[in-house]
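Here are my notes on this one, jotted down point by point. Have the model open as you read.

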Amino acid sequence: MKIAILAPIAWRTPPLKYGPWEQVASNITEGLVDKGMDVTLFATGDSNTKGKLSSVCEHAYAEDTTIDPKVAECLHISHLMEQANQFDIIHNNYDFLPLSYSRLIKTPIVTTIHGFSSPKIIPVFKKYNSTSHYVSISDSNRNPDLNYEATVYNGININEFIFSGEPDDYLLFFGRIHRDKGTYEAIEIAKKTKRKLVISGFIQDQEYFNQKVKPYINDEDIVYVGNSGPKQRLKLLSQACALLHPISFQEPFGLSVVEAMACGTPVIAFNKGSMPELILHEKTGFLVSNIDQAIEAISHIQHINRNECTKWVTSMFSRQKMTEGYLKVYRKILHGNN
């Protein structure tokens, strides 16, 4: 089976720091290569893969301000579509734009819907509903007007994560700095529990950061360490006593939640979106509704068995399990196998 994986090009694949869609595209690619598949990754030229790499844009447009994002996007997507007949299947991780080619080529396209950035993009998915193959990354993130082949949870390479049975005492916020993710709420929780909070993440909303986060940073109990790369990420996730995830939106998945639990670190999350699918309440963390409940959960965090967190992720969110899920989807499309 010859497979083309289309990754976004906002960041390189896998990303040096932030870039969740690029990270998932990388995990899919490497998982398929490990299964012996013939895989070509369409990504930035500085990307890294054990498969074949094809690119027209050497660098990511979020990392190089001289690049026009729309021009790069056009060149990148068309580069794959113009050679679509060389592949048995195309796996699109680049949102809705590649769908506009789907009726112009014969190769089937599997589209992983990583989330809906706005209701305004749904008409595109609906237009190609009858001729496309959609995969959701959680049951909670399905749109009732769309047809889906399957739900395939995002998977991580468990071997890349460090288990820690004896963590430090700090709380961790790990994710993009945006009101949706609840950075300010994490600060409130930490302040009210008199616990140190380490914040790591890409500043997506500078105004929000300046108004709601920066005033509290003092390098003592509220510490911002920037946008962490893989090594720092592993250290932060594995040594935290808990990850705070007080989201205010219906999150489609949440890679940091799974990555934290892979290290044995329990998660306290607001019970929205996919969180009930990712977290076993009172076993790998706590699902709460508000700040007061999060504060109460912290007082019980020592009762969570960190080994159970890792076991749960290994059983449900491994790269191998994700890869097998996508191979099942590919075979169903190509051969009608269930």
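1. A word on terms to start: buried here means under 20% relative accessible area. T183 has a relative accessible area of 0%, so this residue counts as buried. Bear in mind throughout that we're looking at a predicted model.

2. Staying with T183, you'll find this residue in helix α4. What does T183 touch, leaving aside its neighbours within four places in sequence? The contacts are F173, R176, I177, H178, I199, Y208 and V213.

3. On to the rings: there are 14 aromatic pairs in the structure. One of them joins Y153 and F317 edge-to-face, with 5.4 Å centre to centre and 65° between the planes. Y153 sits in the loop between β7 (148–151) and β8 (171–174), while F317 belongs to the loop between α10 (306–316) and α11 (319–335), so this pair ties together parts that are 164 residues apart in sequence. Y153 and F317 are both buried.

4. Next, have a look at F209 and Y224. Their ring centres are 5.3 Å apart and the planes meet at 55°, so this pair counts as tilted. Distant parts of the chain are linked here too: F209 comes from helix α5 (residues 206–213) and Y224 from strand β10 (residues 222–224), 15 residues apart. Are the two partners buried or partly exposed? F209 is buried, at 7% relative accessible area, whereas Y224 is partly exposed, with 21% relative accessibility.

5. F96, F116, F125 and Y134 are linked into a cluster by ring pairs. Separately, the ring of Y184 has the charged end of K212 sitting over it, 3.9 Å from the ring centre.

6. Helix α9 (residues 291–298) deserves a point of its own. Which of its residues are buried? They are I291, A294, A297 and I298. Looking down the axis of α9, these buried residues fall within an arc of 115°, so they line one face of the helix. The cover over them includes β8, α4 (183–193), β11 (242–245), β12 (267–270) and β13 (285–288).

7. Last, the N-terminal end of α9. N290 caps that end, with a side-chain oxygen 3.2 Å from the backbone nitrogen of D292.

Definitions and conventions. Residues numbered from 1 in each chain as written. Predicted model: local features only at pLDDT ≥ 70, side-chain atom pairs only at ≥ 80, totals over all residues. Heavy atoms only, no water. Phe/Tyr/Trp six-rings, centres within 6.5 Å; stacked < 30°, edge-to-face > 60°. Helix = DSSP H or I, 4+ residues; strand = E, 2+ residues; numbered from the N terminus. Buried < 20%, exposed > 50% of the residue type's maximum accessible area, 1.4 Å probe, protein only. Lys NZ or Arg CZ within 6 Å of the ring centre and 35° of its normal. Arc of directions from axis to C-beta. Contact = heavy atoms within 4.5 Å. Polar contact = N/O pair within 3.5 Å; in protein donor to acceptor, adjacent residues only side chain to side chain.
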